[in-house]
Amino acid sequence: MSPCKTLAVGFLMLAAVCAQAEAPARLSTLQARHFLLRTGFAPDQAEVDAVTGLPARKAVSDLLRKAQLATPLHAAPDFTAQPPPVSYRSLNGKEEQQAWRQQQQREGLELKTWWMREMIESPTPLQERMTLFWHNHFATSQQKVNSSQAMWHQHLLLRAAALGNFRSLLHAVARDPAMLVYLDGANSRKEAPNENFAREVMELFTLGEATQGGRYSEQDIKEAARAFTGWSVERDDFSFRFRPLFHDTGDKTVLGRSGNLDGDAALDILLEQPAAARFIVSKLWKEFVSPVPDKAEVERIARHFQTSGYDISAALSDLLLSDAFWAESNRGSLIKSPVDLVVGTLRQFEFSYSDATPFVLKSAQLGQNLLVPPNVKGWPGQNDWINATTLLERKRFTEQLFRPQERQGESKMAALATASQTRAADEAQPMRPMRQMQAEFAGGQSGQGSNQQALRLLGQDGVAGIAQGLARISFNPDRWLAQYGGFTDREPSGELKARLAQTLLAATATQIIANGTVGVAYLRMLTLDPAYQLK
């Protein structure tokens with residue numbers, strides 16, 4: 001076994017093994033924290049206090065109701081109010097085309113930053129988590145779509161349907177221009193049906209792999225591809241357009257059903273299969289409960305999911321009220337995604353900040369570049385989040401957040417800001433701030449949408465702004481520790497150490513913190529424990 005795989009397996013072994021427990025009649029503090037950690041991001045103490053003592057059923061119903069009614073906190077990015085840009089094909093020359101592409105990429109970064117801010121500040125984090133879940137399930141990438149407005153409209157689609165009806169969501173995504181471009185459906189016509197979407201809608205979006213219970217054939221894929229011909233995109237405004245002349249009107253047979261099927265009929269046939277409900281419930285299980293679904297429980301919840309007409313909130317309610325969700329053996333069994341780690345740390349410790357862009361870049365550096373999943377399968381998650389490099393960078397992230405509070409003098413983040421502010425006077429090294437920021441956020445994906453490209457597009461002034469944003473991240477340790485009876489200049493008592501560990505770690509700590517470690521340093525050391533990477 002490779003060192004990286006050994007490391008990932010080691011994380012999963014941190015979880016304590018205990019008997020399963022039913023959904024509690026009244027949530028204890030630990031149960032409330034587990035509930036909120038899994039359904040949102042790491043909660044602050046006020047969020048935990050608000051649900052402690054509630055019956056599990058009420059806590060779940062309240063959470064789902066609030067998330068279904070949630071709306072974004074902040075105004076949409078400015079570019080979303082602009083008319084659709086001129087078609088790429090109408091541009092003259094390489095300079096205009098390059099400027100067009102760069103504008104799309106800048107707007108894409110603006111969208112990522114807006115979404116990151118929503119996740120950090122939202123009072124209904126379940127809505128953000130489910131939007132992210134569907135973004136990963138129906139994965140499309142800005143790199144190929146190359147239209148910030150199309151990615152924005154797809155984001156709104158996923159957000160609006162995040163806890164609604166999966167049938168409606170699937171039909172809408174199939175007609176979504178970003179998806180049609182990403183999976184090459186926009187140019188599919190009866191003379192040459194493109195099989196990409198038909199294949200992925202079966203394997204990745206509804207039924208799972210054919211050999212793992214999907215029970216479809218290559219011929220089913222070919223026939224479904226014929227059904228989707230004519231579904232296209234109006235390039236001038238990137239809207240959906242059905243082109244009748246491109247559609248195959250002949251009879252088709254998909255999973256034993258025959259007729260003059262169109263795309264909607266093909267999708268409905270897929271949803272008639274019990275495998276569809278099982279596949280979606282299994283993915284939700286891995287997101288909220290544990291890495292290995294319980295087949296019997298999945299079957300039970302999937303039947304209800306299908307008979308409910310594919311009500312996503314009904315399936316999620318069943319999962320959150322299952323014995324397995326509350327079992328202590330499943331606590332700490334999931335590895336935090338980069339977004340979990342970044343957003344959760346900022347939320348739980350109530351960090352203040354002026355710009356969310358550094359957090360977008362940090363998440364990308366750790367392997368989760370919003371709007372740019374690695375491929376149509378999305379981010380694999382779980383063990384794939386952790387390797388020797390990303391673990392080091394994960395620890396470095398919390399180290400950098402807390403170090404400035406521990407010592408006098410200039411922190412690394414403040415030093416970056418100082419370097420950017422004085423760059424004009426540093427004529428001998430005019431690119432120094434850029435190089436520093438490129439080194440700070442190195443790694444992650446390359447190409448369009450990567451950190452390195454984003455920094456180049458922002459230029460020196462934009463890089464200076466990011467450096468200043470890093471320097472303005474702050475944390476009030478006195479206030480944070482006071483809510484637990486702690487102080488910044490004292491070593492926590494034994495009782496407080498136990499409470500802080502329960503507050504910050506989803507599993508038993510694996511490292512011993514040296515006696516005499518006080519205040520902020522003690523918190524920092526807890527975040528460096530491998531158990532902090534679990535949820």
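**Reading aromatic pairs in a predicted model**

Q: Why does W114 count as buried?
A: W114 has a relative accessibility of 8%, so W114 counts as buried. The model is predicted, so local features need pLDDT of at least 70 and side-chain atom pairs count only at pLDDT 80 or more, while totals for chains, interfaces and linings use all residues. Residues are numbered from 1 along each chain as its sequence is written, and side-chain values use heavy atoms, leaving out hydrogens and water.

Q: How many aromatic pairs are there?
A: Rings of Phe, Tyr and Trp (its six-membered ring) pair if their centres lie within 6.5 Å; planes under 30 degrees apart are stacked, over 60 edge-to-face, and the rest tilted. The count here is 26 aromatic pairs. One of them is the stacked pair of F35 and W326, with 6.0 Å between centres and 20 degrees between planes.

Q: Which parts of the chain does the pair of F35 and W326 link?
A: F35 belongs to helix α2 (residues 29-39) and W326 to helix α17 (residues 323-326), 291 residues apart. Helices are DSSP runs (H or I, at least four residues), numbered from the N terminus. Both F35 and W326 are buried.

Q: What is the arrangement of W114 and W152?
A: W114 and W152 form an edge-to-face pair, 5.2 Å centre to centre and 80 degrees between the planes. W114 lies in helix α5 (residues 93-121) and W152 in helix α8 (residues 148-160), so this pair ties together parts 38 residues apart in sequence.

Key
Helix = DSSP H or I, 4+ residues; strand = E, 2+ residues; numbered from the N terminus. Buried < 20%, exposed > 50% of the residue type's maximum accessible area, 1.4 Å probe, protein only.
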